[in-house]
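Here is a short report on the structure shown below. Please keep the sequence and the coordinates at hand while reading.

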Amino acid sequence: MKRLINILGAVLTAALLSAGVAAAASLGLGTKTLGAGSAAVTGCTASALTATRNVSNSGNVTQVNVLSVPQACAGETLAVTLENSSHTSLGSASTTVGACTGGCTVSVTGFGTVSATNLTAYALSLTG
Amino acid sequence: MRRFHLTPLRLAAGFLLGSLTFAGVGYAASLGLSSTKLHVWSQSLTKGICNQTSVTADDTYVQQASPNSTTGGTATTLRIRPAAGAQDYSFIRFDLSGCSLPTTAGADSAVLSVYVTTAGNDTVSVYPVYTNWSSSTLTWNGLGGLTIGSTATGSFSSASTGTQTVTVTADVDAAIKAGALWGWEFRVTTGNANVALGSSENGNAARRPSMTLSYEK
C-alpha cells in the first residue's frame, strides 16, 4: 500500500508539473533542490496548421512544408517530428519561423533518411 | 498513512510515468525557461493506391520530318528516333483526377511502365513536362510551347523488347501539389535507332503505358 501511495504521489506530481504550465525543469537523479514557478502559456495561433512533405525520386522525405503559418508566429521555433504507424519517431527537425506578410509556408529540412511510405503522421509544435 | 516524501528518485520516476501518459504522441516541443508561447498539434495521413492504366493515359509522338502532324495521337505505337533532321519524340501522361488527391497530398511511390515494341540499341531518356498538352493537337512545331525539364528523371535501355520501368516519384509528387500531371517526354539524343513503345491505343493491353501510384493525403 505504501509503495502504491508513493507511486501515485509521484505520478500526481508529474502530472501537475506537466499540465498546461511550462515548468521547463530538467531533473537528474542527483538533483537535491527544485525551484518552480508558473507562467501562462499562449500560442501564436490556435489552429492546427496543414503540413505537406516533398520527396526525392527514391521516395525519401526531403522537407516538410507547414502552410499558412500566421505572421504572429515569426521568430518562434517550428519543430516537426515524423512518425510511423506506431507513433514512433522517424526523424525530427526544426527551424525558426521567419517574418512574412500574411500566412507563409515554412519549410523544415534535415530529417535524415525517412521513407515517405513509412510516414503516417506529423507531430508539430510552435514554441516562442 | 505515512506522509509522502518527494525524493529525487520518486520525482524522476514521476516524470517518467507522467511522460508515458502522453504515450503515442511525440510532440516535438522543447520549452525553455523563458518560453511563454506553445502550440502543439498533430496530423495523420491516409495512405492509398491509385494505379493508372491506358484508360487515364494520353500519349502521342511528334515528328521533325512532319512538323505539323498530329497522327501520333491515334497511333498504336509511340516512335522515338534520334536521327538528325528526322527526330521523333514521344509523350505520355495520366489524368489523376480520378484519384481525388488534394494539392496537400503527395506520392509515396510512382513507377511508370512502358513496353518496348521495337528495340534499338539506344538509351531512352525520360524528361518531365510541366505544361499542358493534348495528343490531339501536339506537333513538332508546337514543342516550343511546352516547358520540359532540363534534367532527365530516368532512363531505360531499348535494346530488347519488353516492359521497362522508370521511377517517377518526385515528378508525380510535385505534380500532385501543382494540381496536374503533364507527364513525360521520351527522347533519344544519340545513336540512330528507331525505337517504338506501345501506346494507349495498342491492341495488346499488356503493351500499353501504365503507372503504379502509392499516395498519402
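## Model

This is a predicted model. Local features are reported where pLDDT is at least 70. Side-chain atom pairs count only at pLDDT 80 or more.

## A sheet in chain A

Chain A holds an open sheet of three strands, ordered E1-E2-E5. The pairing is antiparallel. Strand E1 (51–55) and strand E5 (104–108) of chain A are the edge strands, and each pairs on one side only. From one strand to the next, the twist averages 25°.

In general, strands of a sheet pair through backbone hydrogen bonds, either parallel or antiparallel. E1(A) and strand E2 (residues 61–69) of chain A run antiparallel and are joined by five bridges. One bridge places Ala51(A) with its partner Val66(A) in E2(A).

## Chain B at a glance

Chain B has two helices and twelve strands. Along the sequence, the pattern reads α-β-β-β-β-β-β-β-β-β-α-β-β-β. The chain has 217 residues, and 38% of them count as buried. Among contacts in chain B with a separation of 6 or more, 82% come from residues 24 or more positions apart.

## Strand E3 of chain B

Strand E3 (residues 57–63) of chain B is largely enclosed by the rest of the structure, because six of its seven residues are buried. E3(B) runs antiparallel to strand E5 (residues 88–94) of chain B, with seven bridges between them. Within E5(B), Ile92(B) stands opposite Asp59(B).

## The nonpolar core

The largest nonpolar core has 67 residues. Those with the most contacts inside it are Val61(A), Val66(A), Leu78(A), Val80(A), Tyr122(A) and Val172(B). Strand E6 (residues 106–118) of chain B gives the most to this core, with six residues.

What does Val61(A) touch, not counting residues up to four places away in sequence? Its contacts are Arg53(A), Val55(A), Leu82(A), Phe111(A), Val114(A), Ala116(A) and Leu119(A).

## Helix H2 of chain B

Helix H2 (residues 169–178) of chain B is mostly covered, with seven of its ten residues buried. The buried residues are Thr169(B), Ala170(B), Asp171(B), Val172(B), Asp173(B), Ala175(B) and Ile176(B). Val172(B) is also among the core residues with the most contacts.

What do the buried residues of H2(B) pack against? On chain A, the partner is E1. On chain B, the partners are E6, strand E7 (123–128), strand E9 (162–167) and strand E12 (210–216). Just after H2(B) comes Gly179(B), with a positive phi of about 95°.

How values were computed. Residues numbered from 1 in each chain as written. Chains lettered and ligands numbered in written order. Pairing = 2+ DSSP bridges. Helix = DSSP H or I, 4+ residues; strand = E, 2+ residues; numbered from the N terminus. Axes fitted to C-alpha atoms, helices over the stretch in contact; angles between N-to-C directions. Buried ≥ 20, exposed ≤ 12 C-beta atoms within 10 Å, placed from the backbone. Contact = placed C-beta atoms within 7 Å. Core = buried A, V, L, I, M, F, W, Y, C linked by C-beta atoms within 7 Å.
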